[in-house]
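This report describes selected features of one protein model. Please examine the sequence and the structure shown here before reading on.

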Amino acid sequence: NHPLRRMAHLGGKRAITKYKVLDRYKLYDYIEAHPQTGRTHQLRAHFSSLGHPIVGDRLYGAPASKLKRYFLHASRLDFMSPDGSVVSVQSPLPSELQEFLRDNVG
C-alpha cells in the first residue's frame, strides 16, 4: 500500500529480467542482472518478489543495512544517441560497494 511501490504478478505488464549469481556471501548473493524491458522499479520489484530484495531497499522489503544506499549499480549502459550512433558507458563498482562486499565475505 505504498504509492511508489510496484509488484511482479501474473496479469501485470510484461517485464523480463535475466540474471546470474556471480558470488555467494553469508547473507547475500552478488548478481549480474540484465533487464530486458524498462519497467518502473523493475529490478527492485523482481528481486523482492523472489524473496531477495536489493540490499538497502527497505521499500521492497530489505532489512536495515549499514550501507547508506541501495546495492544497485549500472556497470555498463548502452544507448542510442540523437545522431543514431550507439554510446556505451562503463563504470567500475564504487568503493563503498566494494567495501560492503569485503565486509560480508564468508
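Is aspartate 29 buried, partly exposed or exposed? In this predicted model, aspartate 29 has a relative accessible area of 36%, so this residue counts as partly exposed. Its salt-bridge partner is arginine 24, which is exposed at a relative accessible area of 57%.

The salt bridges number 4, including those in the following table.

| Aspartate 29 | Arginine 24 | 2.9 Å |

Glutamate 96 is partly exposed at 34% relative accessibility, and arginine 69 is partly exposed at 26%.

Strand S3 (residues 76-80) and strand S4 (residues 86-90) run antiparallel and are joined by 5 bridges. Within this pairing, aspartate 78 stands opposite serine 88 in S4; aspartate 78 is partly exposed, with 45% relative accessibility. The two strands form a hairpin with 5 residues between them, and glycine 84 in the turn has a positive phi of about 95 degrees.

Tyr19, Val21 and Leu50 make a nonpolar surface patch of about 270 Å². Valine 21 is located in strand S1 (residues 17-24) and is partly exposed, with a relative accessible area of 37%. There are 4 aromatic pairs, and ring pairs link Tyr28, Tyr30, Phe71 and Phe100 into a cluster.

Technical notes
Residues numbered from 1 in each chain as written. Predicted model: local features only at pLDDT ≥ 70, side-chain atom pairs only at ≥ 80, totals over all residues. Heavy atoms only, no water. Pairing = 2+ DSSP bridges. Helix = DSSP H or I, 4+ residues; strand = E, 2+ residues; numbered from the N terminus. Patch = residues over 30% accessible without salt bridge, like charges linked within 9 Å, V, L, I, M, F, W, Y side chains within 5 Å. Areas by Shrake-Rupley, 256 points an atom, 1.4 Å probe, with all protein chains shown as cover. Salt bridge = Lys/Arg side-chain N within 4 Å of Asp/Glu carboxyl O. Buried < 20%, exposed > 50% of the residue type's maximum accessible area, 1.4 Å probe, protein only. Phe/Tyr/Trp six-rings, centres within 6.5 Å; stacked < 30°, edge-to-face > 60°.
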